[in-house]
Amino acid sequence: MFERRDVWKLGSEADPWDPIIRWYARAITALKGRARTNPTSWRYLAAIHGTFIQRSDWPQGATWNGCQHSSWFFLPWHRIYLHYFEHIVRRTIVDLGGPDDWALPYWDYNDPQRPNARSLPPAFRDPQMPSGDPNPLFVSERSQQNPDINNGGRLDALDVEIGAAMAETSFTGPSDDGIAGFGGPITDWNHSGGPVGSLERTPHGNVHIGVGGFQPPGLMSRFETAALDPIFWLHHANIDRLWEAWLGQVDPDRQNPRRARWRDASFKVGQGAPAVTLTVREVLDTTQPPLNYKYSDVSLPALAPDAVLAARFDVESVFAEEGAVPEDEELVPEMVGASENRVPLAAEPTEVEVAVETPSGPALREGAEGPQPRKVYLKVENVRGKELVAPSYLVYVNLPPGADPATYEDRRAGQVPMFGVLEASESDEEHSGSGLTFSFDITGVVQRLREAGDWDPQRLRVTFIPARVGAEQGGDVSAGRVSLYYA
Amino acid sequence: MSITVQAVNHGIRDKLRRLGWRNPEWWVVMAAAVAWLFMAGISRTHASHTGISTGRDHVQGTLGIVAMVIAMMVPLTITNVRHVAQSSLWRRRHRAIAGFLVGYLAVWLVVQTIIVETWGLLAPLIGWGTAGGVAMVAAALWEIAPSKRQRLRRCHRTVPLAPRGWRADADCAHYGVSTGFSCVMMCWALMVAAAAFSHSLVVMTILFGVQVSGRYQRRPSPVLAALAVLGVCLLALAADSLITMAGQSHSMH
């Protein structure tokens, strides 16, 4: 059994070159020396996730541009991808004379007790290794200001917030209506574009663009280049760990989808002898073959003391029936209001009002407590643009005009990170040009607004506040629509 | 006993109602099924001809074009139809679907009429066999053309829709038109081939299969699609030649 360990607990800030990291660096140097057409080369491995290289120039049989985003396959696809990568790195390390139990470390950036962990691990920041050789873990194309990530700058605490994702009780949303849940919306194969799952949104998307920067976008900020940054793999190991941690929560029990359409979906990663073809079902239990790994820690100190974790993590709940659909996924959402025009996401805060109608469909007929919906969702639809002016936007519901958002944290619906917006706005072989859609479960926010007497059932005000601004003007990102759904 | 029956009926009604809620596109699927039945009926009453080509009976020809477009193209838009319904106020969702279909069908009916009329004019001039061969090769080449692959994802595009009033109707119709144009860019060559070999329901069914595969498959194989197009069209050409030869032989005797 391989153990994936927290990179911040390997070595120390003064001497970060723990053997696990040192061997990782040596292996990357070896992978970088291989030809792009070699399925075990650094550039080939990165291109599996995404590449700007035209399809006509791909090696025969390559499965590039395969990453799954805005999809309930986001988590399992990346798990298979990491497994493939880890296997190749481990084999390379053995070939170099290293240990045969090497496992990919993870970057746990969301521990409130260790704010330093929001900085890039030191071994990834130094252009040179202790020997004086170039450091293969260092990448210059990263965020250079706010944060200056290669000089120890920290990601914002909101970038690494996991509360909203972990609070999701359903892996996916109801049907294919764009409400995403924890792991992403029900889709077929989907490279990019469409509704984004809560975990994929934050911290995943925020960390990508926080490390990569947005003016100009660095390696981590684009699908096509993200995996060329060695920290990408540690970031995704943490996202994979958070999936485990989410499943470990109880009250209510969190469960993976039970639909065969998800469990039997198969993905091929790689090419030739080292290629792996695995179904989602085969990678649900990481401690079993073919994966055979565990995380050193799947606790969630960032959520303590509210989080209730299962004493022992069980992938397959004994109470869950194969094929059964969780209650949340049985809900039929009903749109009750939407904005009339596009909503610019600019360098300044933007506000939009939405006229809300009384529900007349399932939300009215199936409401558990009369006309009160069981769930309330806010959707920010079709976010598109070609030039970013901020890395993410904080979304508030019924924020009083001119109020300091910091004093109304309980009205924050979530964040809209810009990672993936540029790609999803393109119209080409891989992208429809629809942009990204973000859905937020704001049932709790609405409940609090009701209790405070600030909920108007006929009118909703949504405010977008740029998390950080790179320039006072410019940028062309906008949301096609802001809408409200009851279920 | 009757209470049990009532409970069962109520359960079935509830399930059907929920099925309708979750699948607002149900009547679009039924319309496509009816269109296929209609084409099959025409095919049976007119021996080996579906009656889609222009000719003596314009009414039947027009009905044939409408049925062909609904049968072959509308099923490709199910995800778009669901998007329109799910993005609309509950009371407007079927109206929104109708608006989308008006725009979508308008584009395709114009294009399909042009295809059929042009075919009716050109094919006799250069010979039905030659024209069929050209249509077949063009359809097969278009399947493997990079420009087709570049456009594939556009058919999956979603757009924001105004929630109410005339703007909501206009947005739905506009979305139908833009989706229609995307589909035309994808499927024009197959529809030309379908018109060229409209004497066979089998040809249309297989071409429809190629379209569905291209639209919904994870990574559709262009080479397989091109081979399927070539194969079915060659079979149709061969069958046509045999029928012609048999007819000539019969008249000689």
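Biologist: What percentage of the 487 residues in chain A is buried?

Modeller: This is a predicted model: local features need pLDDT of at least 70, side-chain atom pairs need 80 or more, and totals for chains, interfaces and linings use all residues. Residues are numbered from 1 along each chain as its sequence is written; chains are lettered from A, and ligands numbered from 1, in the order in which they are written. A residue is buried if 20 or more other C-beta atoms, placed from the backbone, lie within 10 Å of its own, exposed if 12 or fewer, and partly exposed in between. Of the 487 residues in chain A, the buried share is 53%.

Biologist: What is the radius of gyration of chain A?

Modeller: Chain A has 11 helices and 14 strands (DSSP runs: H or I of at least four residues, E of at least two, numbered from the N terminus). For 487 residues the globule rule gives 23 Å (2.2 Å times the number of residues to the power 0.38, with the radius taken over C-alpha atoms). Chain A comes close to that, so it is as compact as a globular protein of that length, with a radius of gyration of 22 Å.

Biologist: Which element of chain A gives the largest share of the side that touches chain B?

Modeller: 29 residues of chain A are in contact with 23 residues of chain B (contact means C-beta atoms, placed from the backbone, within 7 Å). On the chain A side, β6 (334-338), β9 (376-384) and β14 (478-486) each give two or more residues. The largest share, four residues, comes from β6(A).

Biologist: Which element of chain B has the highest mean pLDDT?

Modeller: pLDDT is the predictor's confidence in each residue, from 0 to 100. Chain B has a mean of 83, with 84% of its residues at 70 or more. Over residues 47-52 of chain B the pLDDT is below 50. Among the elements of chain B, helix α10 (residues 222-252) has the lowest mean, 69, and the highest, 94, belongs to helix α4 (residues 78-86) of chain B.

Biologist: At what angle do the axes of α3(B) and α5(B) cross?

Modeller: Helix α3 (residues 58-72) of chain B meets helix α5 (residues 93-126) of chain B through residues including B:Ile65 and B:Val66 on α3(B), and B:Leu105 and B:Trp108 on α5(B). Their axes come within 10 Å and cross at roughly 125°. That makes α3(B) oblique to α5(B), at an angle of roughly 125°.

Note on methods:
Two residues are in contact if their C-beta atoms, placed from the backbone, lie within 7 Å. Axes are lines fitted to C-alpha atoms, for helices over the stretch in contact, and angles run from 0 to 180 degrees between N-to-C directions. Angles under 35 degrees count as roughly parallel, over 145 as roughly antiparallel, 65 to 115 as roughly perpendicular and the rest as oblique.
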